[in-house]
Amino acid sequence: MRNWQKITGVVALAFMFSLSLAHAAGQPGWIGTEQASRAAVEKIGGGKVLLVSTADNGKPVYHILAIDKGNRYDVDVNATNGQVVKFAKTEINRAKLSPRGMAVAQSRFAPEEVRPKALALSGGGDIVRTDRIAGKDGGSLYHFEIVNKDIVYSLEIDANTGAVVKQEEMLVNSAPTA
């Protein structure tokens with residue numbers, strides 16, 4: 001894929017995301033993104049909101065991504081009454097099996113050894129997710145999600161060679177910090 005196609009795709013995603021939040025904010029009876037963020041941070045007991053989006057299932061829900069004290073939080077807040085309807089806590093910077101439960105091969109590098117490379121590729125930021133997944137060839141990959149300012153980086157690094165297998169960037173709007 002050419003660079004201009006990637007840039008166009010990222011701009012389109014960012015535009016759709018901003019339209020989604022703008023549409024949500026204008027919905028009669030919906031709370032604002034700041035109130036939803038406050039509800040999530042209150043449930044967590046502190047933390048930093050990284051991303052606020054609307055659910056794509058047609059229900060009036062804000063999805064909040066936040067971090068605090070070495071944990072990633074995925075919180076869904078009812079957009080009409082501000083109640084937390086879903087709460088998931090994941091320890092960040094810890095490798096694990098693929099979500100599909102597939103066994104992954106032994107690896108030469110530990111996630112701690114390739115984490116600096118992932119952070120360098122994203123220009124720093126906060127690692128919000130680290131997974132150990134199976135690659136197409138059966139080898140192990142480390143998948144990192146890193147938020148740096150208004151960009152979410154998705155990186156896959158080969159656990160045996162340390163080579164970058166996949167690097168994607170998505171531009172997002174700044175979420176309010178509660």
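Is Tyr73 buried or exposed? Tyr73 is buried, with a relative accessible area of 5%. Here, buried means under 20% relative accessible area, exposed means over 50%, and partly exposed lies in between (1.4 Å probe, protein chains only).

## About the model

This is a predicted model, in which local features need pLDDT of at least 70 and side-chain atom pairs count only at pLDDT 80 or more, while totals for chains, interfaces and linings use all residues. Residues are numbered from 1 along each chain as its sequence is written, and side-chain values use heavy atoms, with hydrogens and water left out.

## The overall picture

Let us start with the whole chain. The protein chain has 3 helices and 8 strands, and from the N terminus on the order is α-α-β-β-β-β-α-β-β-β-β. Helices (H or I, at least four residues) and strands (E, at least two) are DSSP runs, numbered from the N terminus.

The protein chain has 178 residues, and 40% of them count as buried. Among contacts in the protein chain with a separation of 6 or more, 46% come from residues 24 or more positions apart. A contact means heavy atoms within 4.5 Å.

## Helix α2 and its cover

Which residues of α2 are buried? They are Ala36, Ser37, Ala39, Ala40, Val41 and Ile44. The cover over the buried residues of α2 includes β1, β2, β3 and β4. After α2 comes Gly45, which has a positive phi, near 95°.

## Aromatic pairs

The structure holds 2 aromatic pairs. Rings of Phe, Tyr and Trp (its six-membered ring) pair if their centres lie within 6.5 Å; planes under 30 degrees apart count as stacked, over 60 as edge-to-face and the rest as tilted. Trp30 and Tyr62 have ring centres 5.7 Å apart and planes at 80°, so this pair is edge-to-face. Trp30 lies in the loop between α1 (3–25) and α2 (33–44), while Tyr62 is in strand β2 (residues 61–68), so the pair ties together parts that are 32 residues apart in sequence. Trp30 is partly exposed at a relative accessible area of 22%, whereas Tyr62 is buried at 0%.

Tyr73, from the opening question, pairs with Phe87 in a tilted arrangement, 5.7 Å centre to centre with 40° between the planes. Tyr73 lies in strand β3 (residues 71–78) and Phe87 in strand β4 (residues 84–91), so this pair ties together parts that are 14 residues apart in sequence. Phe87 counts as partly exposed, at 36% relative accessibility. The ring of Phe87 also has the charged end of Lys43 sitting over it, 5.2 Å from the ring centre. A charge sits over a ring if NZ of Lys or CZ of Arg is within 6 Å of the ring centre and within 35 degrees of the ring normal.

## Salt bridges

How many salt bridges does the structure hold? There are 7 salt bridges, each a side-chain nitrogen of Lys or Arg within 4 Å of a carboxyl oxygen of Asp or Glu. One of them joins the side chains of Asp126 and Lys48 (3.6 Å, N to O). This pair links distant parts of the chain, with Asp126 in strand β5 (residues 126–134) and Lys48 in strand β1 (residues 48–54), 78 residues apart. Asp126 is partly exposed at 25% relative accessibility, and Lys48 is partly exposed at 40%.

Another salt bridge joins Glu145 and Arg72 (3.0 Å, N to O). Here too distant parts of the chain are linked: Glu145 is in strand β6 (residues 140–148) and Arg72 in strand β3, 73 residues apart. Glu145 is buried, with a relative accessible area of 18%, and Arg72 is buried at 9%. Arg72 and Glu145 belong with Asp74 to a network of salt bridges. Asp131 and Arg129 form a salt bridge as well, with their closest N and O atoms 2.7 Å apart. Asp131 is buried at a relative accessible area of 3%, whereas Arg129 is partly exposed at 26%.
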